[in-house]
Amino acid sequence: MKNMQFAVLGLGRFGISLVRELSRMGLDVLGVDSDPNKVNLVKDIATYAVEADSTDEQVLKTLGIRNFDVVVVAIGENVQSNILTTILLKDMGVPMVVAKAQNNLHGRVLEKIGTDLVIYPERDMAIRVAQSLVTKSVLDHINLSSEYSIVEMITPDLFVGKTLRESNIRERHQVSIIALKRGDEIIVNPTPDQSILAKDILVVLGKIKHLDKLSDL
Ligand code: ATP
């Protein structure tokens, strides 16, 4: 992971936040924007910051973009530039192309041209915020599909002091605890004898309808 090379094309709010976070994690990241003011904003954060038009194939070649492991197309409003950039990256053989979609139709186009991962940051953040407002016990969640999800939740009282076996969570609630967060420690793949403490955060995998019932306990 540490040797992986990342590039973020388009330095709007999303692109800049991504550059900042990848840099904070100690990773190499190139930030590109056609607007010099945006490039200026990341020049002290990114490993490299370049002013360029990402729809220009020659420019992408000069940047050596095909040698990057992950390239994120974070251009938003200009859907045409977003799609053109994505297709150029795919044609050049970038191993992992991630592109931000403005809406479902845009997302479908991105999928059709072979984008490895299509993201909808605004929509997904709204869903996360709504869920955390409605169910106070759920701290975070990742939707794996329309049916399955992984959630981080505060331990329901009825599990406190029990082992995973005693909680009978698989049979009774049809979900699996895949990790426990205990302060700074993360207990991954806990055994059936692992006990659950009051302050543990449970990382639970299952069907959304079963997870919803669990968070109501
Ligand atoms: P956010 O919500 O993340 O702020 P947004 O969805 O409004 O962003 P835009 O502002 O449309 O997205 O685009 C993000 C950035 O992409 C802008 O800074 C813009 O200058 C840049 N950009 C747009 N087209 C190109 C291009 N062809 N090459 C490089 N950068 C581009």
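# Briefing on a predicted protein model

Accessible areas come from the Shrake-Rupley method with a 1.4 Å probe, and for residues only the protein chains shown count as cover. The model is predicted, and local features need pLDDT of at least 70, side-chain atom pairs count only at pLDDT 80 or more, and totals for chains, interfaces and linings use all residues. Residues are numbered from 1 along each chain as its sequence is written, and side-chain values use heavy atoms, with hydrogens and water left out.

**Overall architecture**

- The protein contains nine helices and eleven strands; helices (H or I, at least four residues) and strands (E, at least two) are DSSP runs numbered from the N terminus.
- The C-alpha trace spans about 60 × 35 × 30 Å along its principal axes.
- Of the 217 residues, 41% count as buried, where buried means under 20% relative accessible area, exposed over 50%, and partly exposed in between (1.4 Å probe, protein chains only).
- Among contacts with a separation of 6 or more, 52% are made by residues 24 or more positions apart; a contact means heavy atoms within 4.5 Å.
- The accessible surface comes to about 12,500 Å², and carbon and sulfur atoms account for 52% of this area.

- M125 is located in helix α6, which covers residues 121-134.
- M125 is partly exposed, with a relative accessible area of 48%.

- V70 lies in strand β4 (residues 70-73) and is buried at 11% relative accessible area.
- Apart from neighbours within four places in sequence, V70 is in contact with M4, Q5, F6, A7, M96 and V98.
- The C-alpha atoms of V70 and P95 are 6.7 Å from each other, although these residues are 25 residues apart along the chain.
- H106 belongs to helix α5 (residues 104-112), is buried at 3% relative accessible area, and touches V79, N82, I83, K100 and A101 when residues up to four places away in sequence are not counted.
- H173 is part of helix α8 (residues 169-173) and is buried at 14%; beyond its neighbours within four places, H173 is in contact with F159, N168, H210, L214 and L217.

**Charges and salt bridges**

- Side chains of opposite charge can pair when their charged atoms come close.
- The structure holds ten salt bridges, each being a side-chain nitrogen of Lys or Arg within 4 Å of a carboxyl oxygen of Asp or Glu.
- K100 and E122 form one of them, with their closest N and O atoms 3.6 Å apart. K100 lies in strand β5 (residues 96-100) and E122 in helix α6, so this pair ties together parts that are 22 residues apart in sequence.
- K100 is buried at 8% relative accessible area, whereas E122 is partly exposed at 49%.
- D193 and R165 meet in a salt bridge at 2.6 Å, N to O. D193 lies in the loop between β10 (185-188) and β11 (201-207) and R165 in helix α7 (residues 164-167), so the pair ties together parts 28 residues apart in sequence.
- Both D193 and R165 are exposed.
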